[in-house]
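Here are my notes on the model you sent over. Have the structure open while you go through them, point by point.

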Amino acid sequence: MAIAFVLNGERIEVADAAPSMTVLDFLRTRLRLTGTKEGCAEGDCGACTIAIGRQNNGAARWQVANSCILLLSQIDGAEVKTVEGLAGPSGLHPVQTVLAESDGTQCGFCTPGIVMSLYAMSESRTADAPINESDIHEVLAGNLCRCTGYRPIVDAARALCAAPPPAEPARVPPVAGTRIAAQGELHLVPQTLSELVALRSAYPDAVLIAGATDLGLIPAKKRQGFPLAISTRRVAELKRIGWEGDVLVLGAAVTYADGLATVEAAFPAFGALIRRIGSRQIRTMGTFGGNLGTASPVGDTLPVLLALDAEVELAGLSGVRRMAVADFLTGYRQTALAPDEVIAALRLPRLAEGEALFAWKLSRRFDQDISTLLGAFRVRVDGGRITALAAAFGGMAERAKRAPALEAFLTGAPWGDAPPAGIEAALTADFAPLSDHRASAAYRQAAAANLVRRLHLATTRPGVPLELEAL
């Protein structure tokens with residue numbers, strides 16, 4: 001079956017392109033829509049940004065995505081807009097006009113991507129959800145510009161937000177096919193969890209595609225496709241978001257963007273961390289289940305899941321089973337997932353009365369960077385002592401792990417004017433980190449200890465600022 005989508009208002013059907021061809025390559029080489037640029041081919045610079053119409057909380061909204069790591073099969077049944085589709089018979093789109101009038105472009109290479117980010121921001125505004133200054137900076141965090149210094153671009157964004165919200169909604173086309181075959185590739189798109197499990201069992205060697213923010217690097221950088229793949233994007237059971245008693249359930253295919261509001265309301269520190277996972281383009285596509293499934297030692301969500309004592313639901317031919325995330329992660333990019341199983345959901349217990357959650361990420365850049373080290377802490381302090389503590393770290397071992405020696409050392413210890421001596425020794429008993437291109441082992445050990453000291457400040461002197469916001 002051909003891939004079908006709406007591009008700049010026109011229905012497109014594609015029967016002669018590999019499903020794992022990147023959208024960027026298709027736009028530029030097949031359709032000659034060269035306004036969308038390739039800068040990094042790994043979803044970092046934003047020059048390839050396009051807008052995709054998606055259902056979000058019952059309404060169609062424009063969301064941005066990096067077309068350089070987006071597979072053609074992922075836009076089947078979607079509405080897509082590129083910079084070529086913005087101008088109308090009366091001239092430039094207001095986004096283009098205000099960016100030009102604000103002198104928000106110089107060499108112009110990054111401009112189309114910035115235009116599309118601002119377009120999606122502007123078109124998704126409502127009277128009940130205006131855009132604030134923080135939103136503007138978050139929107140632009142995924143677009144790298146080496147010329148302007150961003151001031152005129154931010155000025156353009158402010159001018160856009162001062163205008164009334166637009167009335168053009170995204171028109172999400174009807175769901176397309178469940179089987180995409182072309183150029184020697186077969187991509188299967190099940191509609192239900194039972195169909196997904198059956199396909200997973202029948203094709204255990206198939207690549208399982210959720211957001212493809214990691215997998216998309218293979219066709220983008222290595223120029224290799226996926227002859228056999230199974231997508232999770234249309235399985236409704238994997239997109240549930242809600243509470244079951246005191247447990248927040250996040251379907252495995254819930255994207256960071258769609259789950260953010262609920263997670264942030266329940267766990268503010270987790271929400272703040274999610275806002276630093278890649279860019280808005282990445283969070284549109286990346287999923288909670290995908291981040292857990294990669295089992296990366298520096299996966300941003302994993303230490304938080306460990307600190308919360310979260311569970312994972314695994315669906316297979318024999319039914320659904322649950323296990324602690326701590327047991328699910330078995331080694332470097334290794335999990336307890338059986339060949340016929342898929343991750344169905346994550347289960348995050350509500351914080352108990354008196355508990356607080358803290359999560360801090362250290363990376364070379366604040367935005368758009370992989371963790372060097374990440375610490376997450378669920379803690380309760382009573383009477384000048386820690387009475388309950390769950391501490392987990394990423395970047396300190398071959399997988400994200402809890403710190404049992406640290407937990408035992410700090411629980412019951414005096415927690416007054418200064419943190420107790422011996423934090424470094426406890427962490428040494430828990431971890432022996434490696435040196436790599438992100439940081440040395442010595443740095444990681446010292447930084448982990450400093451995060452514990454930061455926890456002390458956060459819990460004993462909450463009025464003390466812990467971050468330098470600006471100079």
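1. Let's begin with asparagine 291, which sits in helix α11 (residues 288–294); helices here are DSSP runs of H or I with at least four residues, strands are runs of E with at least two, and both are numbered from the N terminus. Asparagine 291 is buried at a relative accessible area of 14%, since buried means under 20%, exposed over 50% and partly exposed in between, with a 1.4 Å probe and protein chains only. Apart from neighbours within four places in sequence, asparagine 291 is in contact with Tyr256, Gly299, Asp300, Thr301 and Leu302; contact means heavy atoms within 4.5 Å.

2. A word on the ground rules. This is a predicted model, where local features need pLDDT of at least 70 and side-chain atom pairs count only at pLDDT 80 or more, while totals for chains, interfaces and linings use all residues. Residues are numbered from 1 along each chain as its sequence is written, and side-chain values use heavy atoms, leaving out hydrogens and water.

3. Now go to strand β1 (residues 3–7), where five of the five residues are buried. Ile3, Phe5 and Leu7 point one way, Ala4 and Val6 the other. In a regular strand, side chains alternate between the two faces of the sheet.

4. What does β1 pair with? One partner is strand β2 (residues 10–14), antiparallel over five bridges; two strands pair if DSSP finds at least two bridges between them. Leucine 7 has glutamate 10 in β2 as its bridge partner. The hairpin of β1 and β2 has two residues between the strands, and asparagine 8 there takes a positive phi near 50°. Strand β5 (residues 79–81) also pairs with β1, in the parallel sense over two bridges, with valine 6 bridging to glutamate 79.

5. There is an open, mixed sheet of four strands in the order β6-β7-β9-β8. At its edges are β6 (179–182) and β8 (207–209), each pairing on one side only. From one strand to the next the twist averages 20°. β6 pairs with β7 (residues 185–188) in the antiparallel sense over four bridges, and alanine 182 has glutamate 185 in β7 as its bridge partner. Helix α6 (residues 193–202) packs on this sheet, touching β7, β8 and β9 (228–231), and its direction makes about 160° with that of β9. Angles run from 0 to 180 degrees between N-to-C directions, and axes are lines fitted to C-alpha atoms, for helices over the stretch in contact.

6. Next, helices α3 (residues 111–123) and α4 (residues 133–140): they pack at about 140° with axes 10 Å apart. That makes α3 oblique to α4, because angles under 35 degrees count as roughly parallel, over 145 as roughly antiparallel, 65 to 115 as roughly perpendicular and the rest as oblique. Ile114, Ser117, Leu118 and Met121 in α3 meet Ile136, Val139 and Leu140 in α4.

7. In the loop between α3 and α4 you'll find aspartate 128. Is this residue, aspartate 128, buried or exposed? At 78% relative accessibility, aspartate 128 counts as exposed. Aspartate 128 and proline 165 are 37 residues apart in sequence, with their C-alpha atoms 10.0 Å apart in space.

8. Last one: α15 (residues 423–430) and α16 (residues 441–460) have axes that come within 10 Å and cross at roughly 125°. So α15 is oblique to α16 as well. Ile423, Glu424, Leu427 and Thr428 in α15 meet a set in α16 that includes Gln445, Ala448 and Arg453.
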